[in-house]
Every structure is written in C-alpha cells, then in structure tokens.
Amino acid sequence: MDKSVVTGKGQVVIPSKLRRKFGIKKGTQVYLYEHNGEIAIRPITDEYIETLAGIAGTKGKLLKALMEEKDKEREL
C-alpha cells in the first residue's frame, strides 16, 4: 500500500509505481469520485473514454443526427 501527504493546497502526489501502472503522465486528467465512503481516482485516458462508448444508450441516433447536420452544413 502506497501513501501520500496532502499539501496545504489540497494536492496529492500519486506514487510513480501507480502512475506507471495506470498510464498517468504529466497533463493527464483524472476523475475523482466517492465510492462506498472512500475517495477513488481514475485517470481519464483513451482507454477509459472507450469504455464509456455507448453508455448513453442512444442506439446511434445522436450520430445519425450529427451526420445529418454536417450534410446540411456542407450544402450551404
């Protein structure tokens, strides 16, 4: 188990072993959330974003609407 100290600004250093394991590099955004009374942190990586694909359950309706809108813009 790794540990860290919270600074006066509320900053926490993620140990290098965990940064490497989860692909967290300088500039990587992270998602903080509460889970069962604990604080959890998840990096917002391409892999994480791909896991969210289809979560809205629109069955392609949004993509179809976007494509139709793009077609209209091209006609102008």
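Student: How many helices and strands make up the secondary structure of the chain, and which pattern does the chain follow along the sequence?
Tutor: This is a predicted model, and its secondary structure comes to 3 helices and 2 strands. Read along the sequence, these elements follow one another in the pattern α-β-β-α-α.

Student: Is the chain compact or spread out, judged by its radius of gyration?
Tutor: For 76 residues the globule rule gives 11 Å, whereas the radius of gyration of the chain is 19 Å, which is well over that value. The C-alpha trace, for its part, spans about 55 × 30 × 25 Å along its principal axes. Because its radius of gyration lies well over the rule, the chain is, compared with a compact globule, more spread out.

Student: What percentage of the residues of the chain count as buried?
Tutor: A residue counts as buried when its relative accessible area is under 20%. The accessible surface of the chain comes to about 7,500 Å², with 56% of it belonging to carbon and sulfur atoms. Of the 76 residues, the part that counts as buried is 7%.

Student: What share of the contacts with a separation of 6 or more is accounted for by residues 24 or more positions apart?
Tutor: The contacts considered here are those in the chain with a separation of 6 or more.

Student: Which residue in the hairpin of strand 1 and strand 2 takes a positive phi, and is Asn-36 buried or exposed?
Tutor: The hairpin has 2 residues between its strands, and the one with a positive phi, near 50°, is Asn-36. Asn-36 has this positive phi although it is not a glycine, and its place is in the loop between strand 1 and strand 2. Since its relative accessible area is 69%, Asn-36 is exposed.

Student: Where is Asp-2 found, and which residues does Asp-2 touch, not counting those up to four places away in sequence?
Tutor: Asp-2 lies in the segment before helix 1 (16–22), and with a relative accessible area of 37% Asp-2 is partly exposed. Asp-2 and Ile-14 are 12 residues apart in sequence, and their C-alpha atoms are 8.8 Å apart in space. Leaving out residues up to four places away in sequence, Asp-2 touches Pro-15, Lys-17 and Leu-18.

Notes: Residues numbered from 1 in each chain as written. Predicted model: local features only at pLDDT ≥ 70, side-chain atom pairs only at ≥ 80, totals over all residues. Heavy atoms only, no water. Helix = DSSP H or I, 4+ residues; strand = E, 2+ residues; numbered from the N terminus. Rg over C-alpha atoms; globule rule 2.2 N^0.38 Å. Buried < 20%, exposed > 50% of the residue type's maximum accessible area, 1.4 Å probe, protein only. Contact = heavy atoms within 4.5 Å. Areas by Shrake-Rupley, 256 points an atom, 1.4 Å probe, with all protein chains shown as cover. Pairing = 2+ DSSP bridges.
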